[in-house]
Amino acid sequence: MTTSATTLPPTEVTALRDRLTGRVLARGDLPDGGPTAAEAVAAHSTLVVHDPDLAVLAATEADVVEAVRFASHHGLRVRAHATGHGAASPVTDGLVLGTSDLAGVEIDPGTRVARIAAGTRWKSVVEAAAEHGLLPVTGSSTGVGVVGYTLGGGFGPLTRSHGLTTDWVRGFRVVLADGSVVEASAHSEPDLFWALRGGKGGLGVVTRIDVELAPLRTLYAGSLTFDASHIEDVLRGWVAWTATAPDDVTTSAVVLALPDLPFIPEHLRGRTVLTLRFAYPGDAAEGERLAAPLRALAPVMADAVGEIPTTAVATIHNDPEDAGPSWVYGAGLREVDGAFLDRFLAELGPGSGSPFVAAELRHVGAAGARDVDGGSAAGGRTAGFLLSLVGVNPPRVPDMIETAATFAQWSQPWAATETNINFLPGPWTDETLARAWPPETAARLASVRSAYDPTGLFAWRV
């Protein structure tokens, strides 16, 4: 598949436009009052600039079918782009299929299942579910797309109590490489269903996902912020606390080197702090008791932990939703101990000169470590902690790359056997992807991809 859309006869592209309800944008098009092809499928990080041959912005499932058949006929690789963060490496060829206009959610309160269209963001699902006293097991940000996040597995603020997001999936509707449409579930296309639950891509274009919702109206959750002088004591105290933490409490600790910028609260601008994120899906009194040891670790600079409605789930992490420059690295860790923290603080803590604005350790395991009945392709379940590093200063990207590579070396004694693919930085090479799944899972995924996409139409590596 090496064809460039720029070599296609204009009549072919025009004919595709005529067949679709949605829009078709070719490289070089300057539509009046609308985005260019590159702008229509822009990544969340402005450091990543896409420039595909064609962008098809589907308005219906039939548009997706037409786009896939067109790409297959003309030898164009297909990449799906919904809403959220998008591909982490530049896309400079082929057809990018945008599904952001395929948005919407229907809730069946009787079965507690949400039927979610491909371009929907988690925020819409959270709000719709809350009307029925329900909550999707979502990620830390509700601004990302449902499908892309869930296809990778989905480690969120309820991982220890409720497992991975993909554990709650009950079905997919998928456009395959030949343009056919199938329903994948435990009872229909079971191999495809297994692969889509954590296998990420290379299988088809998901146009709908059915997700069971948890019966929750409130959470005892939020964040505790500590000043720089208490970071080491709090971090060591939190790690010690995680050794006996209840399975229904999910926490994380993040060192934040906050820039002096207007969107940062004035009292935090230019400061380095530690924030503990806390989530307990139970009543406030018990939640307060469980959080008490963390509150007692040091004087709390800002206490934002309390009973919250499920519609405020994104405030636990307060991830930024606006696009901007960012470079992200992630890794799975089997465990974290005092020796690890010595090096972590030296390399990424206050005064280290780290190029990263955020260095986070998420405590996972418990329900997240247990696979579902029938199994899934989700990787990262062997990790006790997940690390993520986020940098936002473009001139320091080379320093970020070097620091991340150094981390990968010195952290080997604590490394988990695999890192969830949503945490792997791009570009995905054979070497990095070898860390995404156990060998037997990777082998089965390769077999399922070959069966459902024998010509490699869907370019899933980023």
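Domain bounds here come from an automatic or database domain assignment. For the protein chain, that assignment gives domain 1 (10-98), domain 2 (105-216 + 438-452) and domain 3 (218-426). The model is a predicted one, in which local features need pLDDT of at least 70 and side-chain atom pairs count only at pLDDT 80 or more, while totals for chains, interfaces and linings use all residues. Residues are numbered from 1 along each chain as its sequence is written, and side-chain values use heavy atoms, with hydrogens and water left out.

Consider domain 1 and domain 3. Their centres, taken over C-alpha atoms, are separated by 35 Å. Six residues of domain 1 are in contact with 11 residues of domain 3, where contact means heavy atoms within 4.5 Å. Buried area is the accessible area (1.4 Å probe) that two parts lose on being put together, summed over both. Between these two domains it is about 590 Å², and carbon and sulfur atoms give 57% of it. On the domain 1 side, H44, T46 and L47 lose the most area to domain 3, together 72% of what that side buries.

The helices come next. Helices (H or I, at least four residues) and strands (E, at least two) are DSSP runs, numbered from the N terminus. Axes are lines fitted to C-alpha atoms, for helices over the stretch in contact, and angles run from 0 to 180 degrees between N-to-C directions.

Helix α1 (residues 10-19) packs against helix α3 (residues 61-74) at an angle of about 160 degrees, with the axes 10 Å apart. The angle therefore makes α1 roughly antiparallel to α3; angles under 35 degrees count as roughly parallel, over 145 as roughly antiparallel, 65 to 115 as roughly perpendicular and the rest as oblique. E12, L16 and R19 of α1 meet E66, F70 and H74 of α3. This contact has two nonpolar, one polar and three charged residues. Ala, Val, Leu, Ile, Met, Phe, Trp, Tyr, Cys and Pro count as nonpolar, Asp, Glu, Lys and Arg as charged, and the others, Gly among them, as polar.

Helix α8 (residues 231-242) and helix α10 (residues 338-348) pack at about 150 degrees, with axes 11 Å apart, so α8 is roughly antiparallel to α10. On α8 the contact is made by I231, E232, L235, R236 and V239, and on α10 by G338, L341, D342, F344 and L345. These residues divide into six nonpolar, one polar and three charged.

α10 also packs with helix α11 (residues 397-410), at an angle of about 170 degrees and with axes 12 Å apart. That makes α10 roughly antiparallel to α11. F340, R343, F344, E347 and L348 of α10 make the contact with T403, T406, F407 and W410 of α11.
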